[in-house]
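Here is a short briefing on one protein chain. Look at the model first, then work through the points.

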Amino acid sequence: MKTIYLLRAIYLEAFRSLGNYLVRHSLKLFAWFCFALILIVLYAFLFRISTGFAFV
């Protein structure tokens, strides 16, 4: 019974650490993706302003 409890504890700790790793890296990836999208929008807006696009 002690062996089963120890195996259960090892697996719980492994998946807990894996979850933190995945969440941390996926949020970092999402933040860089959002930053890239904001840069694309700013580029498009400045391009339209520089070419004299009528926004009305």
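Predicted model: local features only at pLDDT ≥ 70, side-chain atom pairs only at ≥ 80, totals over all residues.

Helices (H or I, at least four residues) and strands (E, at least two) are DSSP runs, numbered from the N terminus. By that rule, leucine 6 lies in helix H1. Residues are numbered from 1 along each chain as its sequence is written, and side-chain values use heavy atoms, with hydrogens and water left out.

**Overall shape**

- The C-alpha trace spans about 75 × 15 × 5 Å along its principal axes.
- The radius of gyration of the chain is 24 Å, whereas a compact globule of 56 residues would have one near 10 Å.
- That radius is taken over C-alpha atoms, and the globule rule is 2.2 Å times the number of residues to the power 0.38.

**Distances along the chain**

- Leucine 6 and alanine 54 are 48 residues apart in sequence, and their C-alpha atoms are 69 Å apart in space.
- Phenylalanine 47 belongs to helix H1. Its C-alpha atom is separated by 31 Å from that of serine 26, 21 residues apart along the chain.
- Alanine 14 is also found in helix H1. From alanine 14 to alanine 31 the sequence separation is 17 residues, and the C-alpha distance is 26 Å.

**Surface and burial**

- Buried means under 20% relative accessible area, exposed over 50%, and partly exposed in between (1.4 Å probe, protein chains only).
- What share of the 56 residues is buried? Buried residues make up 0% of the chain.
- Leucine 6 is partly exposed because its relative accessible area is 45%. Alanine 14 is partly exposed too, at 41%.
- The accessible surface of the chain comes to about 5600 Å², and 77% of it belongs to carbon and sulfur atoms.
- Accessible areas come from the Shrake-Rupley method with a 1.4 Å probe; for residues, only the protein chains shown count as cover.

**A nonpolar patch**

- Leu7, Ile10, Tyr11, Phe15, Leu18, Tyr21 and Leu22 make a nonpolar surface patch of about 780 Å².
- Patches are made of residues with over 30% relative accessible area and no salt bridge: like charges are joined within 9 Å, nonpolar side chains (Val, Leu, Ile, Met, Phe, Trp, Tyr) within 5 Å.
- A salt bridge is a side-chain nitrogen of Lys or Arg within 4 Å of a carboxyl oxygen of Asp or Glu.
- Tyrosine 11 sits in helix H1, which covers residues 2-50. Is tyrosine 11 buried or exposed? Tyrosine 11 counts as exposed, because its relative accessibility is 53%.

**Aromatic rings**

- Rings of Phe, Tyr and Trp (its six-membered ring) pair if their centres lie within 6.5 Å; planes under 30 degrees apart count as stacked, over 60 as edge-to-face and the rest as tilted.
- The whole structure holds two aromatic pairs. Tryptophan 32 and phenylalanine 35 are edge-to-face, because their ring centres are 5.9 Å apart and their planes meet at 85°.
- These two residues, tryptophan 32 and phenylalanine 35, are three residues apart in helix H1, so about one helical turn separates them. Tyrosine 43 and phenylalanine 47 are stacked, because their ring centres are 6.2 Å apart and their planes are at 25°.
- Tyrosine 43 and phenylalanine 47 are four residues apart in helix H1, so about one helical turn lies between them.
- Tryptophan 32 is exposed at 58%, while phenylalanine 35 is partly exposed at 44%.
- Tyrosine 43 is exposed at 58%, while phenylalanine 47 is partly exposed at 43%.

**A charge over a ring**

- Arginine 48 lies over the face of phenylalanine 53, at 4.8 Å from the ring centre.
- A charge sits over a ring if NZ of Lys or CZ of Arg is within 6 Å of the ring centre and within 35 degrees of the ring normal.
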